[in-house]
Amino acid sequence: MPQPRFDHLRECLLRAGIAPRHVRRYIGELRDHFDDLVREAKASGALGAAAEAAALARLGNENDLVAGMLARPGLRSIASRYPWAVFGLGPVAMLIAGLVVAVVVEIGVLDLVTLAMRELGWKPQPSALKTFTLVVEVWNTLAVYAAPLGFAALLFMIGARQRMSSAWVFAGVAMVCIFGGFQNLVWYDTGTRGEMMLTTGLLHPYPHFPEGVARAAANLAVSATAWWLFMRRRSSPETELSANAG
Amino acid sequence: MNGVPELLILRLLEAREMYGYELVQAIRAKTNDAISLGEGVVYPALHALEREGALKSRRKLVNGRTRVYYTVTRKGGKHLAGLVRHWTHITQAVGHAIGDARHAAATL
């Protein structure tokens with residue numbers, strides 16, 4: 001049974017700040033309702049196009065369908081209600097949370113290894129210790145270098161999915177790229193025990209400041225390239241065709 | 001009409017769980033088509049009531065199609081009782097006002 005696509009309705013609702021999960025479910029329910037109305041119209045003798053036109057008329061016009069959702073502020077997404085929190089405070093919170101999780105996981109693993117060594121009498125070979133140090137360094141590198149880019153991608157996805165204003169998305173992505181460029185998590189293997197140091201180049205005494213500037217610039221460049229590629233792909237005729245067909 | 005869709009929805013779903021189309025047909029039948037809204041407008045009310053905790057939903061496969069069925073929660077039952085009290089009060093007040101106006105017109 002051919003169905004109205006409700007694409008324009010979906011866009012209107014997302015741009016008005018309705019949470020994507022409510023939009024998705026609303027559109028699905030409207031489609032099912034439309035199907036039922038067409039069946040009902042056909043059962044009472046209406047033919048093809050007439051049945052569909054009658055079904056659409058009973059469903060309500062697009063303005064009413066949009067207004068029904070907009071009249072309920074509780075259905076709006078958190079990002080549209082508090083964009084300053086998601087794209088202003090969110091980047092800082094994400095970076096802090098990312099480092100805290102990375103450090104807590106690291107300490108947990110170190111404690112487990114220490115416990116295993118003590119309880120099982122395990123004495124690792126020097127090569128095993130080197131491997132362990134390497135694993136810790138890779139983990140720290142991921143937390144310091146890759147996490148900001150991951151958070152930038154997450155903010156971008158939230159913004160794109162909820163049709164947020166580009167200014168908010170840009171602000172969030174730029175913040176996470178810049179602040180993330182200056183964070184540092186270093187593991188020092190002193191031979192007898194390891195030490196971990198968590199620093200930011202944005203606070204006195206500004207450790208590794210020039211490196212931080214370079215990393216922030218690199219983060220911004222990577223994010224800008226990804227953004228540009230995404231926009232180019234979205235506006236390409238093939239993407240539009242496949243979206244319309246889907 | 002403020003609160004009327006919520007009142008009707010909660011009253012009808014209190015009796016049994018229904019999906020959107022079923023619910024709209026039940027509203028039409030119960031009100032003798034006196035309330036004619038775009039049928040799609042029932043869903044925002046259902047979503048909002050569910051978000052408030054007055055309804056809960058579940059997906060159910062019926063005749064090869066997945067339907068979202070709604071049912072009233074305990075909180076929804078209390079909400080309905082409040083709405084019913086409010087509307088009873090309003091209709092009684094309006095009834096009195098109409099009755100007084102008729103009585104005044106008759107004595108003139």
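Helices (H or I, at least four residues) and strands (E, at least two) are taken here as DSSP runs, numbered from the N terminus. The model is predicted, so local features need pLDDT of at least 70 and side-chain atom pairs count only at pLDDT 80 or more, while totals for chains, interfaces and linings use all residues. Residues are numbered from 1 along each chain as its sequence is written, chains are lettered from A in the order in which they are written, and side-chain values use heavy atoms, with hydrogens and water left out.

Four helices and three strands are found in chain B, in the order α-β-α-α-β-β-α from the N terminus on. The radius of gyration of chain B, taken over C-alpha atoms, is 17 Å, well over the 13 Å that the globule rule (2.2 Å times the number of residues to the power 0.38) gives for 108 residues, so chain B is more spread out than a compact globule. Its C-alpha trace spans about 65 × 25 × 20 Å along the principal axes.

Of the 108 residues in chain B, 36% are buried, meaning under 20% relative accessible area, with exposed set at over 50% and partly exposed in between (1.4 Å probe, protein chains only). Contacts require heavy atoms within 4.5 Å; among those in chain B between residues at least 6 apart in sequence, 48% join residues at least 24 apart.

A54(B) sits in the loop between α3 (42-52) and β2 (55-62). With a relative accessibility of 3%, A54(B) counts as buried. Apart from neighbours within four places in sequence, the contacts of A54(B) are L10(B), L49(B), T71(B), V72(B), T73(B) and G76(B). For one of these, T73(B), 19 residues away along the chain, the C-alpha atom lies 5.4 Å from that of A54(B).

Q162(A) is located in the loop between α7 (126-161) and α8 (166-182) of chain A, and at a relative accessible area of 12% Q162(A) is buried. Beyond four places in sequence, Q162(A) touches L14(A), P20(A), S77(A), A79(A) and S80(A). With S77(A), the side chain of Q162(A) forms a polar contact of 2.7 Å, that is, a pair of N or O atoms within 3.5 Å, where within protein one must be able to donate a hydrogen and the other to accept it, and residues adjacent in sequence count only if both atoms are side-chain atoms.
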